[in-house]
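User: I would like to learn how to read the features of a protein model. Please take them one at a time.

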Amino acid sequence: MNTAADMPLDGATPAKPAKPKAIKCVVWDLDHTLWDGILAEGDAVALKPGVVELIKALDARGILHSICSRNTHEDAWRQLEQFGLAEYFLYPQINWGAKSAGIANIQRELNIGMDTLLFIDDQPFERDEVAAAHPSVSCLDAQEYGQLLEHPRIRSVVITEDAGRRRQMYLEDMERRQAESSHEGMPEAFLATLNMQFHIAAAQEADLLRAEELTVRTNQLNSTGITYGMEELRSFMHSPDHSLLICELTDRYGSYGKIGLTLVAHEPGHDHIKLLLMSCRTASRGVGSVLLSHLMRRAAAAGKRLRADFRRTERNRQMLVTYQFSGFREVSKSEQGDIVFEHDLSFIQDDPSYIEIRVEH
Amino acid sequence: MDNQFNALCQQIREFVEANMNVDDEVALKDDDNIFRLGYVSSLFAMRLLNFIESISGITVADEDIVLPNFSSIDAMSALIQKYRSAA
């Protein structure tokens, strides 16, 4: 067995505390945090020293930025545009409501875990209000902003090719969603307007860092939640008994990046899906089912059966739904709750017509 | 069968009909298998699950999230009835 499989199970008593998750988004207050002065009181506000460089450095690492500030949206946004920083902030929450509500909006819009947000504010009251409503959010005193790059949950973030494009991809997502919300009719009809291409390929050396990152960052559409290190992934990539496939999704707005990964062990009588995951940004695109169908056809063509490991976590219900709605049935369940699924391959659903599938492996 | 239950079933029927990839002329029967007949996709199955949970307030247990429970109006009615009588 590999070391990853020995990690503590969800729900079981962990041998050691779970590693804190990497920070995915920094949420900034404005007055006396991002800048000195209070905008609404007519101050000529000035950015805190080094804050522009800091924001750009975090952005380059693939860490997103947002805002949660009590201000008038138009005024604050104009000021951010003048500073040349507006484009860095996704789903800014600039209003007079509770900051805990703003944080909840950001979390929902970005579709990332509450425990991957870091909130930075100069006022203890605001930090306490957010912490009370969302205990898993990290709260930081604005005075400590200079140490953000050294924060243990930021320093450890791995930088991949996709990381450098992450903000751009979220901006493309915002465009897509605007188009989607203004579209009338069935979601499938909207999907058909996107000209989606789904590319399935054997992972290459250059993909391994991203593949590792996907196993760490992906929680909802993840069949086991088991994380794999680069070394392990490299050995699977070279193993004749395994397939390590990585998937990219593109549409007319741009590329979603490398958003899917699967590890298949080729056993004598059957293929065994050890891991299958998809970035949550693709959740409404149905590509998890597309990848599963691809693996089904491949096993069927080889005259094999198809099995899959599944470990239920608190957050991967949608992946369970994907497997079970694709026709996988539970054949065994360990005392720890680890499930083995099997598909009888008697009926494999056609791929949706709104997506073009390319396979290279 | 009480009125609330009938109303739920009617909402599900309307949701399915509004999402079928067929002419308006096709009449949906209560025991039609909507997946086998190609009326809807597996992606729709997920939306159907979300829809049913949102209108009925039930949370479908893992073991019940299988296509046969969502494959026809009859099957979905039976599923909801099961949770309602268990409550």
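Analyst: We go through a helix, a sheet, a single residue and some contacts.

Analyst: This is a predicted model, in which local features need pLDDT of at least 70, side-chain atom pairs count only at pLDDT 80 or more, and totals for chains, interfaces and linings use all residues. Residues are numbered from 1 along each chain as its sequence is written, while chains are lettered from A and ligands numbered from 1 in the order in which they are written.

User: Which residues of α1(B) are buried?

Analyst: An α-helix has 3.6 residues a turn, so residues three or four places apart point the same way. Helices (H or I, at least four residues) and strands (E, at least two) are DSSP runs, numbered from the N terminus. A residue is buried with 20 or more other C-beta atoms within 10 Å of its own, exposed with 12 or fewer, and partly exposed in between, the C-beta atoms being placed from the backbone. In α1(B), the buried residues are L8(B), I12(B) and V16(B). They lie on the same side of α1(B) because their arc around the axis is only 70 degrees, taken from the directions from the helix axis to the C-beta atoms. Exposed residues on the other side include N3(B), Q10(B) and E14(B).

User: What do the buried residues of α1(B) pack against?

Analyst: They pack against α2 (42-56) and α3 (73-86) of chain B. Contact is judged by C-beta atoms, placed from the backbone, within 7 Å.

User: What is the order of the strands in the open sheet of chain A?

Analyst: Strands of a sheet pair through backbone hydrogen bonds, either parallel or antiparallel. Two strands count as paired if DSSP finds at least two bridges between them. Here the five strands run β5-β4-β1-β6-β7, with parallel pairing. At the edges are β5 (93-94) and β7 (138-141) of chain A, each pairing on one side only. Four bridges join β6 (residues 117-121) of chain A to β7(A), and L118(A) stands opposite S138(A).

User: Why does G102(A) count as buried?

Analyst: G102(A) counts as buried because it has 23 C-beta neighbours inside 10 Å. G102(A) sits in helix α3 (residues 99-110) of chain A. Leaving out residues up to four places away in sequence, G102(A) touches C68(A), Q93(A) and G97(A).

User: How many residues of chain B are in contact with chain A?

Analyst: Eleven residues of chain B are in contact with 13 residues of chain A.

Technical notes: Contact = placed C-beta atoms within 7 Å.
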